[in-house]
Amino acid sequence: MEHALESTVQERPEPREGEKLLPDGVLGMILFIFTEAMLFAGFISAFVIVKSQAAGQMWPPFGQPRLPVEETAVNTAALLVSGLVLGFAQFAFRRSARQAVLPFAVSIFLGLFFVGFQGVEWAQLLGQGLTLQSSTYGAFFYLIVGAHAIHAVGALAALVWAWFRLRDDDLGQSAFTTVQLFWYFVVLLWPILYWKVYLA
Amino acid sequence: MAQATTAPVQDTHGHDTHGHHDEGWFKKYFWSTDHKMIAKQYLWTSIFMAVVGGLMAYVFRMQLAFPGIEVPGFGLVSPGEYNALITNHGSIMIFWVAMPMLIAAWGNFLIPLMIGADDMVFPRINRLSFQIFLISAILILASLFVQGGGFGGAWTSYPPLSANPEYNLTGLGASIWLIAVALEFVAFLLGGINFIVTLMNSRAPGMKAYDIPVTVWMIVIASILFMLSVGPLIAGAIMLLFDQTLNTGFYDPARGGDPILWQHLFWFFGHPEVYVVLLPAIGFVIDIIATFARKKLFGYKIMVYTAVATAVLSFFVWAHHQFIAGIDPRMANVFTVTTLLISVPIAELLFVIIATLYGGSIKFTTPMLWALSFVATFLIGGVTGIFLGASGSDIYLHDTYFVLAHFHYTFFPIAIIGGFAAFTYWFPKMFGTMLDETLGKIHFWGTVIPFQFIFIPLFALGLGGQHRRIYNFQNFPELASMQPLRVTATLALIVMILFQLVFFWNLFRSLRSKEKAPMNPWKANTLEWTTPSPPPHGNWPPDQMPKVYRGPYEYSVPDRDTDYWPQNEPS
Ligand code: HEM
Ligand SMILES: [Cu+2]
């Protein structure tokens, strides 16, 4: 060839099996959480846009009930504590699986409390005339909070599954971290939704 | 030179990490977790859907060229059917052909093979991904036959038309369409996670970031792009589904909603989506061109950075689809600038390709012809995009056939030309036999020449003011006189469709052929060519998993007897 190419190839040491940056499951979950975060970003930006165009800047719109800000603050705290306790469980787990069983269960219990509390709140709001069809306010409320609730239920199901494995001393470190990450997503997303939907 | 890696292997049965030997037909073809089988499932499904989508185009093009005729094989096309055909043609070609073929099929097949892994990291999630995809494909086809007919509100599905059954008259069809699209996204989400994790965690020993073939980079960057952009669209789709079925008012201005909101959510995804399909196609083209130019890829790193830059930029251009949707003119200016900026990385990619070809000893094989024609054809698509990206000229061109011709000049090279490039190049590896070169070349010319005759007339029609989505142009006296251009386009389409028979004949012959393809028919460097064709279960024979000693494009290295240097050969 006329364009003789300089060889830029360097000799390399004999290749070795590389270290994994993160276990497969954990990495997969992180990617999944990114997508989920974008899903909620979509919901929230839609909500903010529609709200900013509300007739007469009235929010909540005329005749629609106010959301139970104070009660939900308590519920928010319950959820955050659940996340914290799961963190303790992780620390305990590093020492021995047995010690993690109890905090793990407490965390699940607090999560269930959160979801149940939400259910009661929904029943009240429906009674006060806030429905999917009553206004965009109601529609967004049920859409966003409902989407979060579905994630909470899914994450709780995963936690319960993991808890049984934990009790049987059959839960691996990376499976623990994977479900923990998903629960943290649910837990940490909630204050943002609370702020955007209930407070702002 | 190492002998072990190039020696043919007889016994491929020893290495069977996935169990079952005498699996039944169902288990083998529908319940497999082998990435190669899943790739084939995706490939065949997308080819089938391409045939469906192509025949739809035939029907509505006949109606446009010869309004009111009984289309042979279909019959009279009613306005409602016409709308359903164009809508589903577009949706199928993008979501059930381009995506599954370029990303899912080739991603599944190539990623583990090119990085030296025995399978994807989550094989069962991979299987689930295809099953969801298959359901979505069945749903979209079924939606055409439900009461009221298939959805006819265009692939972009703008509300209020799409949101209210009273307006679109296809309540059921519209909802099924939406559910099918959403399911398809879920399928790709699962696939995408798999691709990214596999690349990060399962590379062969020694494979560093810059030893990864460009094809793999591109598919993985595209997957990341998809995953970051699809969330808002799924959010929007759920809201649209609620509007359709639960009578909410998210997009209904009379009830405090906002129809433009959908456009933002849709195009925030929609524009990155075009790069989601573009990047894998560019990857194939680059790998093919480097192989057949027998020359080291020019600017490997530039290429990877450019792809990342394109991906990032593509999040900031979406409103160029909405210049006349009443957006603030100041915002239109911003989006004009970002849109024109994105042609810089695209131009860079093309220059890299040209620089790679320069001075190479080019071999005009069928895959190479496809790869080269990709560059030429996509160039026209990119250049016409600039006229659309400038908000001033777009006000005139928007929603005309100029737009339609523009994006066919981008999507066709991507999905069809890129798809055939990959198919003809990796066919020997996937199926273990060679395709016929003469038939391949006849098919190539019979596809790309008619393509120009379909779409160049459509550019002219668009400049002449012909709006998209009109059932019968004879009703518009000022447009009626351009009928010969429409007839030309339709006849060229028929010619192109007929030439596809050559492809299917070639395919059929090769699948039945007894002649085995060699391990490395193109004398390429990347790892997939270091295992038998087709690769055994587990991809490499036991104890022969590859190790990587250098980058993928060391062609024509001075002072070597051969002009290629497989990545796995110790010097
Ligand atoms: C080189 C860069 C590109 C630029 C500057 C560009 C620009 C544009 C603009 C401004 C429009 C909107 C025109 C209008 O609706 O009035 C448009 C439409 C479109 N472009 Fe591109 N484009 C580029 C590349 C691509 C690529 C790579 C693809 C596909 C893979 C693509 C697919 C489309 C599609 C599908 C539409 C029409 C969507 C619809 O309204 O149905 N474009 N393009
Ligand atoms: Cu765009």
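Let me begin with what I mean by a helix here, namely a DSSP run of H or I with at least four residues, numbered from the N terminus. What we have is a predicted model, in which local features need pLDDT of at least 70 and side-chain atom pairs count only at pLDDT 80 or more, while totals for chains, interfaces and linings use all residues. Residues are numbered from 1 along each chain as its sequence is written, chains are lettered from A and ligands numbered from 1 in the order in which they are written, and side-chain values use heavy atoms, with hydrogens and water left out.

I will take chain A first. Its mean pLDDT, the predictor's confidence in each residue on a scale from 0 to 100, is 91, and 95% of its residues reach 70 or more. Over residues 1-5 of chain A, however, the pLDDT is below 50, and this stretch has nine contacts (heavy atoms within 4.5 Å) beyond near neighbours in sequence. Where pLDDT is low, the predicted coordinates should not be read in detail. Among the elements of chain A, the mean pLDDT is lowest in helix α2, residues 69-95, at 94, and highest in helix α4, residues 136-167, at 96.

Now to the cavities. A cavity is a set of points, on a 1 Å grid over the protein atoms alone, where a 1.4 Å probe fits but cannot get out, and its lining residues have an atom within 4 Å of a point. Grid points are joined across faces, edges and corners, and a volume is the space filled by probe spheres set on the points. The count comes to four cavities of 30 Å³ or more.

The largest cavity holds about 90 Å³ and is lined by 14 residues, with B:I103, B:F188, B:G191, B:G192 and B:F195 nearest its centre. Three helices of chain B, α3 (79-115), α6 (171-201) and α7 (214-245), each supply at least two residues of this lining, and α6(B) has the largest share, with five. If we count Ala, Val, Leu, Ile, Met, Phe, Trp, Tyr, Cys and Pro as nonpolar, Asp, Glu, Lys and Arg as charged, and the others, Gly among them, as polar, this lining has nine nonpolar, five polar and no charged residues.

The second largest cavity, of about 60 Å³, has a lining of 10 nonpolar, no polar and no charged residues, including B:F95, B:W155, B:W177 and B:W262. Here too α6(B) gives the most, with four residues.

Terms used: On a 1 Å grid over the protein atoms alone, a cavity is a set of points where a 1.4 Å probe fits but cannot get out, and a pocket is an open set with protein on both sides within 12 Å along at least five of seven lines; lining residues have an atom within 4 Å of a point.
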